[in-house]
Amino acid sequence: MSDFSERSAFRHVWLWPLALAVSSTFGLASALVGDGIWDMLAWLSLAPPLIVSSLAWGRSRAGRSREPSRRPGDESIVRFRRCSPSLLDKSLRMPRRDRRNRKS
């Protein structure tokens with residue numbers, strides 16, 4: 001890989017996180033320094049990270065489906081859900097001592 005493409009990839013990945021970090025640091029420092037114009041600079045420099053974080057959180061919530069994700073090994077959970085409700089009700093109502101003595 002050439003040196004140019006490595007620098008380009010680094011910039012592509014880290015440009016916005018570094019810009020948001022610098023903006024946050026400047027905003028927090030300017031809020032501590034003084035009043036008046038410094039407070040306005042603090043608000044203006046702390047707003048972009050908050051906006052970007054809110055947008056990213058909203059996108060991640062919108063892309064998530066209501067169904068749980070299927071992973072290998074989840075078949076047993078699916079089979080359990082497909083059991084008849086009457087069978088589940090009977091096993092839940094069985095007294096504790098009977099559950100221990102029951103042969104599987």
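Leaving aside its neighbours within four places in sequence, which residues is serine 45 in contact with?

**Before you start**

You are looking at a predicted model, in which local features need pLDDT of at least 70, side-chain atom pairs count only at pLDDT 80 or more, and totals for chains, interfaces and linings use all residues. Residues are numbered from 1 along each chain as its sequence is written, and side-chain values use heavy atoms, with hydrogens and water left out.

**Stop 1: the whole chain**

Show the protein chain as a cartoon. You will find five helices and zero strands, and from the N terminus on the elements run α-α-α-α-α. Helices (H or I, at least four residues) and strands (E, at least two) are DSSP runs, numbered from the N terminus.

Next, colour by pLDDT, the predictor's confidence in each residue, from 0 to 100. The average for the chain is 76, and 57% of the residues score at least 70. Select helix H3, residues 75-81: among the elements, H3 has the lowest mean pLDDT, 53, while H2 has the highest, 91.

Of the 104 residues, 9% are buried. Buried means under 20% relative accessible area, exposed means over 50%, and partly exposed lies in between (1.4 Å probe, protein chains only).

**Stop 2: serine 45**

Select serine 45 in helix H2, which covers residues 37-63. Serine 45 counts as buried because its relative accessible area is 8%. Here is the reply to the opening question: beyond its neighbours within four places in sequence, serine 45 is in contact with Ser23, Ser24, Phe26, Gly27 and Ser30. Contact means heavy atoms within 4.5 Å.

Draw a distance from the side chain of serine 45 to the backbone of leucine 41. A polar atom of that side chain lies 2.8 Å from the backbone oxygen of leucine 41.

**Stop 3: across to serine 23**

Move to serine 23, which lies in helix H1. Serine 23 counts as buried because its relative accessibility is 16%. Leaving aside its neighbours within four places in sequence, serine 23 is in contact with Ser45, Pro48 and Pro49.

**Stop 4: alanine 47**

Go back to helix H2 and pick alanine 47. Alanine 47 counts as partly exposed because its relative accessibility is 30%.

**Stop 5: a nonpolar patch**

Select Phe26, Val33, Ile37, Trp38, Met40 and Leu44, which make a nonpolar surface patch of about 600 Å². The elements that give two or more residues to the patch are helix H1 (3-33) and H2, and H2 gives the most, with four residues. Patches are made of residues with over 30% relative accessible area and no salt bridge, with like charges joined within 9 Å and nonpolar side chains (Val, Leu, Ile, Met, Phe, Trp, Tyr) within 5 Å. A salt bridge is a side-chain nitrogen of Lys or Arg within 4 Å of a carboxyl oxygen of Asp or Glu.

Leucine 44, in helix H2, counts as exposed because its relative accessibility is 57%. Methionine 40 also has its place in helix H2, and counts as partly exposed because its relative accessibility is 46%.

Terms used. Polar contact = N/O pair within 3.5 Å; in protein donor to acceptor, adjacent residues only side chain to side chain. Areas by Shrake-Rupley, 256 points an atom, 1.4 Å probe, with all protein chains shown as cover.
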